[in-house]
Amino acid sequence: MAVKPIPTAAAAAATLHGDQQVAAALLAAAGALRGDGDAVPVPGALPPRPHRRLHRAHCPLPPLLPHTSRPPRVPAPVPPPHLTSGSSGAGRHRGAGVFPLPSCAIPQLSARSSSLPGSPLLAPPGCWAAHWLLGFSASRFLSTSGASDDDDNEGGSSEQEAAAASGQPEHVARVCAAIADVVAAGADANLEAALSALSPPLSEALVLAVLDRFKHAHRPSHRFFRWAAASGGFVHTTITYCKMVHILGKARQFESMVALVQEMGKAGALSMDAFKIAIKSFAAAGEIKNAVGVFELMRKNGFDDGVESFNCLLVALAQEGLGREARQVFEKLRDRYTPDLRSYAALLLAWCNARNLVEAGRVWNEMLEKGMEPDVVVHNTMIEGLLRGQRRPEAMKMFELMKAKGPPPNARTYTMLIRDHCKRGKMDMAMRCFDEMQEARCQPDVATYTCLLVGYGNAKRMDRVTAVLEDMTQKGCLPDSQTYNALIKLLTNRHMPDDAARIYKKMIKKGLEPTIHTYNMMMKSYFLGGRNYPMGCAVWEEMHQKGICPDVNSYTVFINGHIRHGRPEEACKYIEEMINKGMKAPQIDYNKFAADFSKAGKPDILYELAQKVEFAGKSDVSNVFHQWAERMKSRIKRTVPNQTGNRMF
């Protein structure tokens with residue numbers, strides 16, 4: 001066993017049960033406490049950001065992290081929080097370990113927190129893992145086992161955006177504040193005037209930073225993009241064009257997206273990336289004909305790289321699980337392009353993502369008939385599809401053949417199996433697979449260790465969490481943002497937002513950047529589980545302080561938090577802000593929302609909001625608002641006093 005046993009005191013502590021012990025051990029393992037048992041110091045409250053006018057807190061909101069712009073105030077002493085339980089030929093390839101998959105062997109599946117810093121969490125005596133994450137370097141280590149879930153860096157790399165934020169932070173902050181003010185006020189017509197009054201020194205870095213700040217709000221970002229080109233002295237580059245194409249594609253503003261691609265052609269700024277982004281955007285929306293149309297437009301503009309372009313189209317369809325559509329495109333264009341191994345791998349991925357293992361098996365056999373030898377990437381795709389389809393015996397059989405005849409499994413292969421064991425609660429099998437991985441001299445990566453941490457955390461075996469962390473640090477595999485997010489999720493799922501916040505603070509201290517999912521999880525935990533409205537708002541403010549652009553999920557959680565805590569007017573303002581940004585109306589409890597206004601007797605607000613929501617394309621929500629507005633209007637009429645001063649009803 002590569003994982004060392006824990007000390008005796010730790011074993012005694014691990015015998016405790018319940019969420020309180022889980023949270024305490026996670027906090028210790030994440031290094032949320034100093035080595036001497038003292039808590040991380042807590043900053044005082046800061047005033048809200050001046051450019052966010054909509055939110056009016058009912059009490060001061062303490063920040064999540066210290067801000068260096070002004071000295072913190074000393075917080076008043078509060079009692080420590082309590083963690084509650086609620087809180088080449090086919091034959092040759094078969095000899096090499098590749099076997100055909102019978103079509104009938106696989107059944108066909110259907111397609112497709114009080115204050116956040118709060119008072120210190122006191123370390124229990126003998127806190128056995130408090131030191132394991134304290135010595136990690138502040139640099140960010142990325143997992144090599146798979147792609148990130150967040151693809152918002154299309155059209156502008158994270159390095160470029162980081163350089164933009166660090167090169168002109170004051171100008172970027174001023175521009176973003178001006179845009180936020182206009183959006184909050186709903187005065188879109190004054191956006192250009194506000195920007196012209198600032199007259200910032202435009203550069204590619206600044207434009208990229210502002211676009212990234214409003215990447216989920218296509219309306220103000222597009223207006224800023226147009227103003228930058230019309231202001232004079234700045235010409236958009238291929239990178240800024242691609243960033244805007246990606247924003248419009250994510251928002252499914254396809255008419256504007258195609259017009260921008262055509263504009264790129266006239267400006268001589270066309271690139272392969274722009275076409276790839278457009279193809280992926282249409283594929284994500286299920287617009288297959290338009291995706292193929294962009295592909296043909298790419299060829300007409302001289303950006304045809306042969307089979308690589310063909311594979312790009314197939315991969316875009318495969319990532320969305322469009323197996324049937326990918327097969328149709330494959331058959332239509334195979335005479336023009338000679339499919340290679342990557343082509344079949346994309347088609348295989350499409351069927352696996354569509355949960356159609358029968359067709360995936362046919363693609364596998366077709367590869368063998370064509371004399372192609374599937375590599376480790378193709379094997380991993382098939383194994384992952386089998387695991388998702390609950391066909392573990394077939395997946396293990398393929399895994400054993402990989403070990404016996406090649407290609408040898410890599411870290412991703414083992415990680416997929418370990419993750420599957422952890423999801424099913426089979427931690428002993430997961431550890432056997434982990435030991436076998438090391439015996440095969442296949443080095444585990446961050447994703448592998450994170451799977452084990454999550455598995456043991458869900459099983460409430462915190463002694464093993466500590467042992468995994470110890471082995472992780474000894475092997476030089478330092479935790480990344482995904483590891484910390486996994487720990488945060490464990491605590492937020494147990495409705496312990498204050499404890500999750502301490503791990504978040506340690507994450508920031510180590511130089512790791514949180515994602516929008518981090519903030520969404522913490523907000524939801526505060527608003528729903530912790531029922532702590534001020535701290536839910538504090539997370540929202542922290543997200544803005546970090547320059548994270550709220551997405552639809554962020555607004556949905558935040559607006560639902562206002563509604564659940566009886567603040568419909570605040571919720572109404574943020575719904576209007578979403579509409580002003582060009583976002584869709586959120587999925588919230590509109591009946592409760594309208595009922596709160598009904599109690600306050602404000603029908604005009606609902607009429608106005610119904611029109612805005614209908615304009616945003618959500619007629620069913622608009623009808624709810626109209627119905628409640630009519631009820632309120634009739635109720636007010638019935639309670640009007642007569643001339644004698646007595647009530648009529």
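Entry 1: I started with helix H15 (residues 341-353) and helix H17 (residues 376-388), which pack at an angle of about 10 degrees with their axes 9 Å apart. That angle makes H15 roughly parallel to H17. For my own reference, angles under 35 degrees count as roughly parallel, over 145 as roughly antiparallel, 65 to 115 as roughly perpendicular and the rest as oblique. I then listed the contact: Leu341, Arg342, Ala345, Leu348, Leu349, Cys352 and Asn353 come from H15, and Val377, Val378, Thr381, Met382, Gly385 and Arg388 come from H17. Contact here means heavy atoms within 4.5 Å. Sorted by class, the contact of H15 with H17 has 8 nonpolar, 3 polar and 2 charged residues. Ala, Val, Leu, Ile, Met, Phe, Trp, Tyr, Cys and Pro count as nonpolar, Asp, Glu, Lys and Arg as charged, and the others, Gly among them, as polar.

**Entry 2: ground rules.** The model is predicted, so I noted that local features need pLDDT of at least 70 and side-chain atom pairs count only at pLDDT 80 or more, while totals for chains, interfaces and linings use all residues. Residues are numbered from 1 along each chain as its sequence is written, and side-chain values use heavy atoms, with hydrogens and water left out. Helices (H or I, at least four residues) and strands (E, at least two) are DSSP runs, numbered from the N terminus. Axes are lines fitted to C-alpha atoms, for helices over the stretch in contact, and angles run from 0 to 180 degrees between N-to-C directions.

Entry 3: Which way does H7 run relative to H8, parallel or antiparallel? Helix H7 (residues 204-213) and helix H8 (residues 218-230) pack at about 165 degrees, with axes 9 Å apart. H7 is therefore roughly antiparallel to H8. Their crossing is right-handed; a crossing gets that name if the near helix is turned clockwise from the far one by less than a right angle, and left-handed if anticlockwise. Leu206, Val207, Val210 and Leu211 of H7 meet Ser221, Phe224, Phe225 and Ala228 of H8.

**Entry 4: Phe234.** I followed the chain on to Phe234, in the loop between H8 and helix H9 (238-250). At 9% relative accessibility, Phe234 counts as buried. Buried means under 20% relative accessible area, exposed over 50%, and partly exposed in between (1.4 Å probe, protein chains only). Leaving aside residues up to four places away in sequence, Phe234 touches Leu202, Ser203, Glu204, Val207, Ala228 and Ala229. Phe234 and Leu202 are 32 residues apart along the chain, yet their C-alpha atoms are separated by 6.4 Å.

**Entry 5: H23 and H25.** The axes of helix H23 (residues 481-493) and helix H25 (residues 516-529) come within 10 Å and cross at roughly 15 degrees. H23 and H25 are therefore roughly parallel to each other, and H23 passes H25 in a left-handed crossing. Asn485, Ile488, Lys489 and Thr492 of H23 make the contact with Thr518, Met521, Met522 and Ser525 of H25. The residues of this contact divide into 3 nonpolar, 4 polar and 1 charged.

Entry 6: Residues 445-479 are 74% helix and 0% strand, with end C-alpha atoms 9 Å apart. Residues 480-514 are 74% helix and 0% strand, with end C-alpha atoms 10 Å apart.

Entry 7: The peptide bond from Gly406 to Pro407 is cis, with omega near -5 degrees, and Pro407 lies in the loop between helix H18 (392-405) and helix H19 (411-423). Arg441 has phi near 60 degrees, a positive value in a residue other than glycine, and at 81% relative accessibility it counts as exposed. Ser554, in helix H27 (residues 552-564), counts as buried at 0% relative accessibility.
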